[in-house]
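This briefing covers one protein model. Please look over the sequence and the coordinates first.

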Amino acid sequence: MTTLADLAELVRAPAALSVPGDVIAGAAAAGALSPRTPALAGASVLLYWAGMAANDWADRGLDAEERPERPIPSGRVTPAAAVGLAAGLTAAGVGLAAA
């Protein structure tokens with residue numbers, strides 16, 4: 001059974017802590033800080049996590065040999081769940097950015 005901790009490991013959740021700062025710094029440097037900036041930062045986090053899940057799905061064969069402890073090769077997350085999570089996070093990120 002896949003746990004929330006397994007999914008957090010799959011998307012490398014703590015690594016996304018730098019993402020909002022990048023968006024805010026970029027907006028500030030461009031003189032474009034606005035009430036939308038926090039939503040765009042959130043969308044960027046969702047898209048970052050989607051990329052991490054998609055990367056692990058794509059690398060599952062290599063990871064089975066080199067990093068068998070990762071969520072997919074260890075069997076804690078199925079490949080279908082990983083690609084579904086990547087798709088869902090992508091849709092959520094694009095939707096949040098558009099809103």
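The model is predicted: local features need pLDDT of at least 70, side-chain atom pairs count only at pLDDT 80 or more, and totals for chains, interfaces and linings use all residues. Residues are numbered from 1 along each chain as its sequence is written, and side-chain values use heavy atoms, with hydrogens and water left out. The protein chain has 5 helices and 0 strands, where helices (H or I, at least four residues) and strands (E, at least two) are DSSP runs numbered from the N terminus.

**Overall fold**

- From the N terminus on, the order of elements in the protein chain is α-α-α-α-α.
- Taken along the principal axes, the box filled by the C-alpha atoms of the protein chain is roughly 45 × 25 × 20 Å.
- Of the 99 residues in the protein chain, 24% are buried (buried is under 20% relative accessible area, exposed over 50%, partly exposed in between, with a 1.4 Å probe and protein chains only).
- Taking contacts in the protein chain between residues at least 6 apart in sequence, 71% join residues at least 24 apart; contact means heavy atoms within 4.5 Å.

**Helix α3 against helix α5**

- Helix α3 (residues 37-58) and helix α5 (residues 79-98) have axes that come within 8 Å and cross at roughly 160°. Axes are lines fitted to C-alpha atoms, for helices over the stretch in contact, and angles run from 0 to 180 degrees between N-to-C directions.
- The angle makes α3 roughly antiparallel to α5 (under 35 degrees counts as roughly parallel, over 145 as roughly antiparallel, 65 to 115 as roughly perpendicular and the rest as oblique).
- The crossing of α3 with α5 is left-handed, meaning that the near helix is turned anticlockwise from the far one by less than a right angle; clockwise would be right-handed.
- On the α3 side the contact includes L46, L47, W49 and W57, and on the α5 side it includes V83, L89, V94 and L96.
- The residues of this contact of α3 with α5 are 19 nonpolar, 3 polar and no charged. Ala, Val, Leu, Ile, Met, Phe, Trp, Tyr, Cys and Pro count as nonpolar, Asp, Glu, Lys and Arg as charged, and the others, Gly among them, as polar.

- Helix α2 (residues 18-29) has 12 residues and spans 17 Å from its first C-alpha to its last, close to the expected 16 Å; the expected span is 1.5 Å times one less than the number of residues.
- G31, which follows α2, has a positive phi near 70°.
- The axes of α2 and α3 are 8 Å apart, at an angle of about 140°, which makes α2 oblique to α3.
- The crossing of α2 and α3 is right-handed.
- V19, P20, V23, I24 and A27 of α2 meet T37, L40, A41, S44, V45 and Y48 of α3; these divide into 9 nonpolar, 2 polar and no charged residues.

**Single residues**

- R12 is in the loop between α1 (4-10) and α2, and R12 counts as partly exposed because its relative accessibility is 26%.
- The phi of R12 is positive, near 55°, in a residue other than glycine. Most residues other than glycine have a negative phi.
- D59, in the loop between α3 and α4, is partly exposed at 26% relative accessible area.
- The C-alpha atoms of D59 and A39 are 30 Å apart, with the two residues 20 apart along the chain.
- D63 sits in helix α4 (residues 60-66) and counts as buried because its relative accessibility is 2%.
- Leaving out residues up to four places away in sequence, D63 touches D56, P68, R70 and P73.
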